[in-house]
Amino acid sequence: MHLVPAFGRDGIEMQALARRPLLGRVGRRPFPVLDLRTRPEATYEVAAKALPFPQHVRYLAAQYASDLDLKEDPVFRAEAVTVFRGSIWHRGEPIQGSVHPKHESELGFWAGKVRGLTARGRLPRHPGTSAIISAPGARNYFHWMIEIAPRLFALREYLRQGLGPLDRILLFYEEPAGFITQTIEFLFPDLAPRIAYCTDSMCVLEDCLFFIDQRRYEDHNSRMKTTTAFLSEAVDGLLERMPRGPGVGAPS
């Protein structure tokens, strides 16, 4: 069982969003979190195991001394998609970049079940157009803020451009954490009516908008995406409009 790429695949179309981030790179200063950059395994192994601790620290500092290039985070669209544990299956094949790395070794075992249940119509179906923004680590605050929630900016742009309908945005949580609902309420009140929480481990989407994680298949080791830059710009704009008071940077 192998993963198939979304790019160039018959039946999957990349949606052209007109809006771009103002900057093509993001400085590390506002994001001093080491996990924002994923080090290539071979390089990290040398640094972590072969270098003495002081040299290891200097190595990491050098890795984070430069700005981060933004990785493209395009929106894809396909019909008759099966969602299994948050991964996208198109015509019975799993899409590269949508499968959690921990589940890749199990694909051969699950492929027959996914195809069989889909073909027999045994799975819950969502009519119309659904967007899925699930990703590995979706229950984690870091992944939600840096990799998942920013994709809502792309879906907002999709609607603004009138590229097509969007009936619902599916979030796969039995009960969303407070930071998830608060983020939506604060940054995406216009999208809130479209957001639906789904508990199905498997379902079929009649028409699906989705994103993929390309880090493992491209020469790019950053978690920062064009959608993440939209979040950065939005937060900067909110901070500029916030009233200044004692202890919040107000001039004395």
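Predicted model: local features only at pLDDT ≥ 70, side-chain atom pairs only at ≥ 80, totals over all residues.
I started with the overall layout: the protein chain has 7 helices and 10 strands. Helices here are DSSP runs of H or I with at least four residues, strands are runs of E with at least two, and both are numbered from the N terminus. Residues are numbered from 1 along each chain as its sequence is written, and side-chain values use heavy atoms, leaving out hydrogens and water.

**Whole chain**

I looked up burial next, and 45% of the 252 residues in the protein chain are buried. Buried means under 20% relative accessible area, exposed means over 50%, and partly exposed is in between (1.4 Å probe, protein chains only). The accessible surface of the chain is about 13,700 Å², and carbon and sulfur atoms hold 54% of that. These areas come from the Shrake-Rupley method with a 1.4 Å probe, and for residues only the protein chains shown count as cover. I also checked contacts (heavy atoms within 4.5 Å). Of those between residues at least 6 apart in sequence, 85% join residues at least 24 apart.

How many of the 10 residues of helix 5 are buried? I got 7, so helix 5 is largely enclosed by the rest of the structure. The buried ones are R151, L152, F153, A154, L155, E157 and Y158. Just after helix 5, I noted that G162 takes a positive phi of about 70 degrees.

Helix 5 (residues 151-160) packs against helix 7 at an angle of about 90 degrees, and their axes are 7 Å apart. The axes are lines fitted to C-alpha atoms, for helices over the stretch in contact, with angles from 0 to 180 degrees between N-to-C directions. The two helices are therefore roughly perpendicular, a label that covers 65 to 115 degrees. On the helix 5 side I found R151, F153 and A154, which meet T227, F230, L231 and A234 in helix 7.

**Salt bridges**

I counted 8 salt bridges in the structure. The rule is a side-chain nitrogen of Lys or Arg within 4 Å of a carboxyl oxygen of Asp or Glu.

R151 turned up again here: its closest N–O distance to D73 in their salt bridge is 2.9 Å. D73 sits in the loop between strand 3 (68-69) and strand 4 (75-84) and R151 in helix 5, so this pair ties together parts 78 residues apart in sequence. Both partners are buried: D73 has 5% relative accessibility, and R151 has 3%.

I then looked at E93 and R9, whose side chains meet in a salt bridge at 3.0 Å, N to O. E93 is in strand 6 (residues 93-94) and R9 in the segment before strand 1 (12-15), 84 residues apart. E93 is partly exposed at 21%, while R9 counts as buried at 17%.

Are R91 and D10 buried or exposed? R91 is exposed at 55%, and D10 is exposed at 59%. Their side chains form a salt bridge too (3.4 Å, N to O).

L239 is in helix 7 (residues 226-241) and is partly exposed at 44%.

Key:
Parallel < 35°, antiparallel > 145°, perpendicular 65-115°, else oblique.
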